[in-house]
Amino acid sequence: MRKRIVAGNWKMNKTYEEALSLVSEIDNMVKDEVNGDVTVIVAPPFPYLQSVGKLTQGNDRMFLAAQNVSEHESGAFTGEVSAAMLKSVGVEYIIIGHSERRMYHHEDAQTLYKKLKAAIAQGMTPIFCCGEPLEERDADRHFDYVGKQLHDSLSYLSNEEFDQVVVAYEPIWAIGTGRTASSQQAQEMHAYIREQLSRMFDAEAAFNTSILYGGSCNPGNARELFSQEDVDGGLIGGASLKSRDFTDIIKSF
């Protein structure tokens, strides 16, 4: 049975004190209000990982994620952070291939494959992001675009390695714009992703893979999105920075 997951990507937001306050609020709300079987993940900026992780240690629903990882094990790579370093401070999930990393840092498919391998080698779960820009959607090339992203980074993994991967579909045209894919559009793409995964690996692996939706998900639309057969949760951006909104999204299953 695949996991239902709500992951909060804080991106480059919050001071240290604000981060600790936010995660404390989320931790208490999850303990008090969330009854369903949902895995809750928070991905704060690098400097806060250890402290945020310590605050959530007593909550068996909450897990710590990093927003990025180096493809290198160690060495003279100033400013980079390795998978082993992240594991040593309690990180269990790593966001890989977010559209902002692809766009602003020019991360290509081969780089993302190496990052996937680095995370998996340390026993951590990658959250692999894929999704199309507006011009691809408008030109009706969105399936081919996302299919290529999946194939070029994931298809080189073994079945055993892929078993550790979570996929997040993020329509780039719906990130931070206030526009959201309809529940039907989300379901259509998630079903397509699952079909592609079954071709790359096998039907059982594809069925067991959690596929998250990541495009302006909020408390008002989360329930409808999460009700779709192939939508297993969300990768939440802006709404994860407000404890009430984030908790209400978690409760939308």
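A: Both faces of strand 1 are covered: Ile5, Ala7 and Asn9 on one side, and Val6 and Gly8 on the other, are all buried. Here buried means under 20% relative accessible area, exposed means over 50%, and partly exposed lies in between, with a 1.4 Å probe and protein chains only. Helices (H or I, at least four residues) and strands (E, at least two) are DSSP runs, numbered from the N terminus. The model is predicted, so local features need pLDDT of at least 70 and side-chain atom pairs count only at pLDDT 80 or more, while totals for chains, interfaces and linings use all residues. Residues are numbered from 1 along each chain as its sequence is written, and side-chain values use heavy atoms, with hydrogens and water left out.

Strand 1 covers residues 5–9, and because five of its five residues are buried, it is largely enclosed by the rest of the structure. Strand 1 has neighbours to consider in turn, where two strands pair if DSSP finds at least two bridges between them. Strand 1 runs parallel to strand 2 (residues 39–43), and five bridges join them; in this pairing, isoleucine 5 stands opposite threonine 39. Strand 1 also pairs with strand 8 (residues 233–236) in the parallel sense, over four bridges, and there glycine 8 stands opposite isoleucine 236.

Strand 1, helix 1 (residues 16–33) and strand 2 together make a right-handed β-α-β unit. A crossover is right-handed if, with the strands pointing away from the viewer, the path from the first strand over the helix to the second runs clockwise.

Helix 1 in turn packs against helix 12 (residues 243–250) at an angle of about 35°, with their axes 9 Å apart. Axes are lines fitted to C-alpha atoms, for helices over the stretch in contact, and angles run from 0 to 180 degrees between N-to-C directions. In this packing, residues of helix 1 including Leu22, Ile26 and Val30 meet residues of helix 12, among them Phe246 and Ile250, where contact means heavy atoms within 4.5 Å.

Beyond strand 2, the parallel pairing continues to strand 3 over three bridges, with methionine 62 in strand 3 as the bridge partner of valine 40. The chain passes from strand 2 through helix 2 (residues 49–55) to strand 3 in a right-handed β-α-β crossover.
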